[in-house]
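Student: Can we go through this one together? I'd like to ask about a few spots as we look.

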Amino acid sequence: MIVMGLAKEFRLAEAEVGKTYEVVRLEGFGAVRRRIMDMGLVPKTRVKLINVAPLGDPLDLEVKGFNLTIRKSEASTIIVKEVGQ
Amino acid sequence: MERRALQLAVKKFKVAIAGNPNVGKSTLFNGLTGGRAWVGNWPGVTVEKKVGRIRVDGRYLEIVDLPGIYGLTAYGVDELIARNFIVEENPDVVVNIANAANLERNLYLTVSLIEMGANVVVCLNMVDLATDQGYKVNSEKLSQMLGVPVIPTVAVEGRGIEELKKAVVEAAERREKPAGLVNYGSKVEGEIGRLSEIVEKDLELARKYNSRWVAIKLLEGDSDVEDKIKLSPLSREILDQAAEAREKLKSSLGRDLEGYIVEKRYEFVSQLVEECIGVLVRKPITLTDMVDYVVTHKVFGIPIMLTALYMAFKFAFDVAAPLCDLIDWFFGCLLYDLAATLPGLAGSLLADGIITGVGSILIFVPNLAFIFLFLALLEDVGYMARAAFVVDKIMHKLHLTGKSLLPLILGFGCNLPGIISTRAIEDENDRKTTALACPLISCSARLPVYLVIAGALFSAYVTGVVWSMYILGVIFALIMATLFRKLLFKGPSSGFIMELPPYMRPMLKSIGIKTWERLKRFLFKAGTVIFIGVVAVWLLSITGPGGYLGVEALGEATLLEQSWIGVIGHGLEKIFTPMGWGWQASAALFFGFIAKEIVVGAMAVLFGVSEEGLIGAVSGAFTPLTAYAYMAFVLLYLPCLATLAIIRGELGLKYALFTAVYEFILAYFVAFLIVGIGTLVGLGG
C-alpha cells in the first residue's frame, strides 16, 4: 500500500484501444529511438491508442494532438503507465 | 559587415522554407513563387530541390523549398539535407511553416531551427483550421517568446502571403543572431558553455556555425557534427571535452543525454503552447477519427483499399479510352499518312521512326494523366497514408514497408513515376529495394501485347489469362523485393513511424501541379530516350550485313529478314530454342526493349501482315504453352529503355545494369519453367 497511486508499468505494444497512457521511458537505441522522440513520444507525454491496423499491426496513436503510426515492435520499446480517462 | 554591404548592394536574399510534412509547404512555396520554379537535385542525393525567384520591393528573393522534416538530426537524409543547407549555404532567412492546428509538434522544429542559429520567420499556417478545431493562437505572444516574427496565414487562400513577404525582407535586412532559447538546466548549461567556448577558439568554426548549437549537438552525440569538428585543428580538444562532458552528465543526471535534451526541448515547447494557445473547445471526435474508424476497420479496411485503387484504375482507363483512340488515330493514321507521302528516307524516318515511336508513347498519356490525377487526389485527401497503414503488416512480412505501396501502385500505370516516387521512402535500403522491384509490376504498355497474344491463342479465356499476367507481376515484384532486402540491402527496418495527416479538402491546384509534374517527367524522359531508340531500330531495319536495304524492308518480311534486325532475330531464336519461339517473335522482343507495346507493331511487320491480320499469324506461330511463356517473358524480361534511364538517374548506372541483367535472367528462367513444366504435364500439344 506504500506505493499507492503508482500505476503499473508496461509496454505500449500491450496497450488497449481507447485508453490513455503516459510515457515513462524509452528503451531501444539509434535512429528509430530518436525518431520516436522527435515525433513527440518523450517521457511524461500522454498517448492514446486510437486504433490497430486490420491485420493487427501497426498501431495508430494520438500524441500531442496528431495521429502517429508505429509498429508493435517499436511500441514494445516504449514503457508506459495507465492514467485516468 | 562587408558581407552584409555586398548583399545590400545587389539586394538579393536567399530564403529557405522549412516545415513538417503535410502542413501546406508546397502550397506556400507555390503561393510565394506564383508556381514558377525550377527543379533540380540536392548535391549527392536524388531528393528533389525546388527553387523559385521573386521580386519584393526591388529586392530579389531566391526561395528554396527544403524537404519536409520533423527534426534536425543526422539520422534521416531529408533532415541532413535541410540542416546542411542552413549551415553551409547560410540562407538569409528560414521561413518555418507551422501548422496552427497542431502546434506542439510543429514548434519542436521551430525551436530546433532557432537553436541552430537560423534567422527564422514563423509562418503560422492554417489558422482557420485551428479556429475550427477550437484553438486560438496568440501570435504576438508566441513571437515574443520565440524572439522571431510570427505571421499568421491561410496559404491555400493566399491570406497573409503579402505580410509574410514583407516580414521576410525585413528579417533579411536585420539579420539578427538569436539567443539561446531552451534552458537545459544548470548542469547541462555549464557544459554547453564550456564546450562552446572551446569551439569559438577556432575562428573558422565560430564563423561558420553557431557555437551553442555545435555544443548541444556534440552532447547529443551527433555523428555528422562530430565529423565536421574533425576537420578543425582543435578537434582533439573539442571532442575530448565533449566525451568527458557526456560521461559526467550521464552519471549526474542518471540517464541518457540525448533523451534528456529532446525532453527539455519538448518541455519548452509545452510551455509555449500553454501560454500562447487558448483552447476554446476540444471536439470529442473529429471527422478524421470517424473516417479512420471506417477506412482502417478490421473487416472493411482492406476491401475499401482494394476498391479505391481498383476504382482509380477503372476510372482512368474508361475516361481515357476515347482520348487514347483519338491520339492513336491522329498519329497512326493522319500524321503517319501525311509523313509517308514524303519521298524516300526522310519520309520513312518521319513516319516509321519518329511518328510511330512518339505516338506509341503519347497514346499512354491520357491513361497516365487520369491515374496520376486520381492517385494525387487520394494522396492529397490523406487516404494514401491510410492505405500504407493498412498494408504495412503484409509489406513488413516481405521485408518492405507500407510506404512501398504507392510506388508499386503507380507502377501499374507506368514504371517511371513509380520509381521516381520511391523518393518519399526515407530508408535507403527500402527505397532501393522498392525501385528495383517496381519494373516487374505490369505497366499499361504491356497490356496490348497480352491482348493480342491471348486473343490469338486463348480466345475463350482472354480476361483470365491477362489477369494472371498482372498477378504474376505482383508476385515476382514481391519475391524479388524480399530477396533484395534480405541479400543486397541488408539492415534493420527503420520502422513505420509516420504521421497520419488529418483529412483535407482536396485543392484542385495542388492536385493539378502534382499530376502535371509526374506527367511532365514521364514525357521528357520517355520522349528523349524513346526518340533515340526508335531511330536506332529504324536504322537497324533498313540496313543489314549486305549493306543498305532500303526503306521497303520495313514493310516486307523477306527483306527485313536480311537486315540487322533479322540477324538479331535469328541470333535470339537460338537462345530461345527451348521455348520454341520463331525468329520473328524473338526479334519483336528486341523492339520491345524501346517500349513494350512496340512488340505488337513489330510482330505485324516481321510476320508481314497488317495489325488486323496479326491474330491469325500469331496463332500459327505459337502453341498456347509457348504463347503463355512468351507473355510472361514480355512481362519480366527487361525494363524499357526509359525505365532503365530513370533507374540510372535515381540510383546510378550500376543499378540500371543490374536491373537489366536480373530481369533477363528471371524472365528466361520463368519462361523456361513454364514451357518445361507445361510439356511435362502434357500441355505441350
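Student: Are B:Glu115 and B:Arg265 buried or exposed?
Tutor: Keep in mind that this is a predicted model. Buried means under 20% relative accessible area. Both B:Glu115 and B:Arg265 come out as buried.

Student: How far apart in sequence are the parts that B:Glu115 and B:Arg265 tie together?
Tutor: Their side chains meet in a salt bridge, 3.1 Å from N to O. B:Glu115 sits in helix H4 of chain B and B:Arg265 in helix H13 of chain B, so the bridge ties together parts separated in sequence by 150 residues.

Student: Which helix holds B:Glu220, which also pairs with B:Arg265?
Tutor: B:Glu220 and B:Arg265 form a salt bridge at 3.0 Å, N to O, and both residues are buried. The two are 45 residues apart, with B:Arg265 in helix H13 of chain B and B:Glu220 in helix H10 of chain B.

Student: How are H26(B) and H27(B) set relative to each other?
Tutor: Their axes come within 7 Å and cross at roughly 110°. Angles of 65 to 115 degrees count as roughly perpendicular. So H26(B) and H27(B) are roughly perpendicular.

Terms used
Residues are numbered from 1 along each chain as its sequence is written. Chains are lettered from A and ligands numbered from 1 in the order in which they are written. This is a predicted model: local features need pLDDT of at least 70, side-chain atom pairs count only at pLDDT 80 or more; totals for chains, interfaces and linings use all residues. Side-chain values use heavy atoms; hydrogens and water are left out. Axes are lines fitted to C-alpha atoms, for helices over the stretch in contact, and angles run from 0 to 180 degrees between N-to-C directions. Helices (H or I, at least four residues) and strands (E, at least two) are DSSP runs, numbered from the N terminus. Angles under 35 degrees count as roughly parallel, over 145 as roughly antiparallel, 65 to 115 as roughly perpendicular and the rest as oblique. A salt bridge is a side-chain nitrogen of Lys or Arg within 4 Å of a carboxyl oxygen of Asp or Glu. Buried means under 20% relative accessible area, exposed over 50%, partly exposed in between (1.4 Å probe, protein chains only).
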